[in-house]
Structures are given as C-alpha cells and as structure tokens.
Amino acid sequence: MKTTLTEKNPFTETYDTDTDVLLVKEALGGDLKALEELIDRHNGFIYNIAMKMSGNVADTEDITQEILIKLITNLASYNPQKAQFRTWLYRITFNYVLNYKKSPQEARVTTFENLFNRLDQIEDEEMSDEEAERFDPIGQESKILCMSGLLMCLSREQRLIYILGTFFEIDHTLGAEIFNISKGNFRMKLSRARQELHQWMHNRCGLVNKANACRCRKKTKAFIEKGIIDPEEFIWNQNFSNKINAYVKGNLDEVTTSLDSSYIRMYQEHPFKDTKKAAALLSKILNEKTIKNFLNFNT
C-alpha cells in the first residue's frame, strides 16, 4: 500500500513508528540502506522546520546536516523502551534549532514594530492587473518573504511551537512529550504565540485585513530593485513539489478561532521545500565527516 504524505508526517497520530524502530535496528546492524530510509522519513521535516526557524538557505542546510550527524552518532543510545523514535529525534532537532547561532534574518528583524517600520520605508508601487499577472511568481515570493519575516519576530521557542502547532498541527499530547512540558503548558504557549502573531497581522498586514496599507504586491518592484528578491533565483517559491497543507489533516485544535484559521491556512499554503535526496545527503555526511566510524555499515 502506497504511503500518503500525511501518513509519512511524523507528527500525525497515524504515523508508523514501528517502521522507525525496525530501521534503527537494521541500521545499527550495519545496513546502510536502512539508515538512508530512516533519514528519508524525517529529513524533509527537519529541513522545513530549520528553514522556517532560520529564514536562510545556507543556515538551513547546515542545521539539517548537523542534526542528521547527531542522529547517526547517537543512534546506538536510542532506547525504544523509553521513547518513540520521533520523540527522541525531534527533541534533538528542537534543542539544536533553539540554540543555533542567530541567522542574518534573525539579526535584522528583532520585533514586529521593527519589521513593519522597515517595510514602511520601502516605497509602494501600484501594479496594473496585467503586471500583477506577469509578476505573480515574484509576488508570491514577496508574500512568503513577508510572512516568514513575521515569524522571525516571535521568540525562538514561540516560533518553533507555532510552526509545529499550526503548520503541521502537532497534537498537544505529542507536543508536550517532545518539548517535555505538560499538555496544558504546550497549549498555553501555542495560544500565546498565535495571539501575538495574529494580532500584529490583523493590525498591520494587508494580506489578512484589507483596511491595512501594507501590501506585498505593492512592495514587489521595490524588493527587486533593492536586491531583496532575485527574480532569477527564488529562496522560497522554488524547489518544491508540495505545499505544507498536503502534509496535514486539517484538524485544528479546539482553541483555534475562525479568524485564527484564516491566518494559519495562509501559512499552510507555503511551499514544503525539497531537500537533497536522502542517499545524496547521507553520502555527503559519511564522506565529509567520516561518520562510518560510528557504525559498521555493509556497503
């Protein structure tokens, strides 16, 4: 039976955790293909979490590679009797991204007020419908760029919980388990992150409130002129085959309001970025970091 995207999502209730355990056992026994499959099941989510956390491709690639190195070098310490593999791996992932050095975008964007002041200083330029159609791919890049900038205004913990709780609709039970906090605490942190982000979006962002002046469409030409967007090489709106909403079941939690849902759906429309194929990425790690010393792989 073919595995669906939502079934492969490690944050869903239907995720097959037994397969992870089997792959870990086979990888520890020296099966390189098993390790490749294990990485393939998770590296896309690690990559996209890192991308949303850092807002920077180079940092995203470094973060993903370092987390996978930690996976490989600590694999023998994993105990399936103590935790599910996804809990173990994503604790490693979240600890790493929460403590990673600040990305250039994080350093530039510090608060919501700071971000919108910077946007206000970028001149608006109206486009005709014909221009808007021609610029549509670039306009989508502008939209994702702005919305990703808004995420950077949250603290790292808030940003990570928002990404997990809204982008991928992580269950509160699993969220509490991975973050090692109570379910009530996870819900509270998620609610506060939503409230802060959505309030600023409602008050200043023209995407969700037509009464606001700020429009990605109006900023597109200036973004190009200032080199913020390269029409020949998009950061966000390329190298993807699916959107984030293809990986979720659309079951938002009980505290989500209809207004919250409209904001969340906009973020779930963002691309789910493709990363290197597991085999190529694993080969790079093994060759550059000599990680084979940790496991006796059968090649």
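Which residues line the largest cavity? I found L115, F116, L119, C146, L150, C205, L207, C214, R215 and C216.

Before going on, I noted that this is a predicted model, where local features need pLDDT of at least 70 and side-chain atom pairs count only at pLDDT 80 or more, while totals for chains, interfaces and linings use all residues. Residues are numbered from 1 along each chain as its sequence is written, and side-chain values use heavy atoms, without hydrogens and water.

Entry on the search. I went through the whole structure and got three cavities of 30 Å³ or more. A cavity here is a set of points on a 1 Å grid over the protein atoms alone where a 1.4 Å probe fits but cannot get out, and its lining residues have an atom within 4 Å of a point. Volume is the space filled by probe spheres set on the points.

Entry on the largest cavity. I read a volume of about 70 Å³. α7 (112-120) and α9 (136-152) each give at least two lining residues, and α7 has the largest share, with three. Helices are DSSP runs of H or I, at least four residues, numbered from the N terminus. I sorted this lining into nine nonpolar, no polar and one charged residue; Asp, Glu, Lys and Arg count as charged, Ala, Val, Leu, Ile, Met, Phe, Trp, Tyr, Cys and Pro as nonpolar, and the others as polar.

Entry on the second largest cavity. I noted about 50 Å³ for its volume. Its lining includes M53, S54, R156 and R159, with α3 (32-54) and α10 (156-167) each supplying at least two residues. I counted four nonpolar, two polar and four charged residues there.

Note on methods
1 Å grid on protein atoms, 1.4 Å probe; cavity = no way out; pocket = protein on both sides within 12 Å on 5 of 7 lines; lining within 4 Å.
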